[in-house]
Amino acid sequence: MEKKKVAVPLVCHGHSRPVVDLFYSPITPDGFFLISASKDSTPMLRNGETGDWIGTFEGHKGAVWSSCLDTKALRAASASADFSAKLWDALTGDELHSFEHKHIVRACAFSGDTHHLLTGGVEKILRIFDLNRLDAAPREVGNSPGSIRTVSWLHGDQIILSSCTDTNGVRLWDLRSDKTVQTLETKSPVTSVEVSCDGHYITTADGSTVKFWNSNHFGLVKSYNMPCNVESASLEPKNGNKFIAGGEDMWVRMFDFHTGEVLSCNKGHHGPVHCVRFAPAGESYASGSEDGTIRIWQTSPVFRQESEPVPGNAPNPKVKAVADEVNRKLQTLQVGKEGNTPERG
């Protein structure tokens, strides 16, 4: 019987509770970075390519629901259940400022020019903080119909996108009028909103559906039914010809953007998948789960046979061979010490 091939992800441990949000920085002179938000109250920064841990932002006293980096990955921001959003120095991990709210903050996003931070949460108020005047009162935008779940910027920071926990659709707010100018209609509350790197598409996940919208005239371009309820979706940034989605069945699937055909189906998480995001060049993508882990998958995956050991979880023959060679050399060195060891002059 033919053995089934299984994709091998990089598994990133560190969080002690569910991972609920992931965000990749653009590519910088120092590479690109991945920040994760978790219910354990400590956002973590990682090398976006290798998944290696760089640092942890310590200071929140409640679950962190959202985290992000500015375009140069020099500052980070986080939104928390402790009624605050925090601004961090991404190089040192120092807290630069805490923006106090009156209820749980669920979402945050840097503006494209990095001068402003947008937040939203249970208060149903969109707030824009001026990062050049940290102590100034924030600008408040519109009246959201429900508790805010996601926030994003669009069109040179002139438009804000927001979705609600208990209300269907995505609302587009024009900052010139502070009014809703458009609603992207969905049949369920939207749990994930992503603006494509080129600014052409808006990707949304609601219920068991992933939709793609034109970001200029806001018409629906594609809509695909998923195998289960999905919580997050992301469009491949380089060619835009595939997308990923993850949700309650613990699988991370990749689909053809033009046909909706399943291209790959990756299992490894031990709990529902809360967030998925493509890396900025599209060569890999990350998923965060209820199980507290982040998994980084290759877009063109490396496979192993299903019966083969998972790297890091069982002995690897190549690793064992290297270990045996090291042990042999140590034994030789030990014999040398017990015998005629040259004296130092």
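**Strands and confidence in a predicted model**

Strand 7, which covers residues 64-69, is mostly covered, with five of its six residues buried. The structure is a predicted model. The mean pLDDT of the protein chain is 89.

**Strand 7 and strand 8**

- Strand 7 runs antiparallel to strand 8 (residues 75-80), and five bridges join the two.
- Within this pairing, Ser66 has Ala79 of strand 8 opposite it.
- Together, strand 7 and strand 8 make a hairpin, with five residues lying between them.
- Ala73 is in the turn of this hairpin and has a positive phi of about 60°.

- An open sheet is built from four strands in the order 2-28-27-26, and their pairing is antiparallel.
- Its edge strands are strand 2 (10-12) and strand 26 (273-278), each of which pairs on one side only.
- On average, neighbouring strands in this sheet are turned by 20° against each other, direction ignored.
- Three bridges connect strand 2 with strand 28 (residues 294-298), and the sense of the pairing is antiparallel.
- Cys12 has Ile294 in strand 28 as its bridge partner.

**Confidence along the chain**

- In the protein chain, 86% of the residues reach a pLDDT of 70 or more.
- Over residues 309-345, pLDDT stays under 50.
- For residues 309-345, the model has seven contacts beyond four places in sequence.

Key. Residues numbered from 1 in each chain as written. Predicted model: local features only at pLDDT ≥ 70, side-chain atom pairs only at ≥ 80, totals over all residues. Heavy atoms only, no water. Pairing = 2+ DSSP bridges. Axes fitted to C-alpha atoms, helices over the stretch in contact; angles between N-to-C directions. pLDDT = per-residue confidence, 0-100. Contact = heavy atoms within 4.5 Å. Buried < 20%, exposed > 50% of the residue type's maximum accessible area, 1.4 Å probe, protein only.
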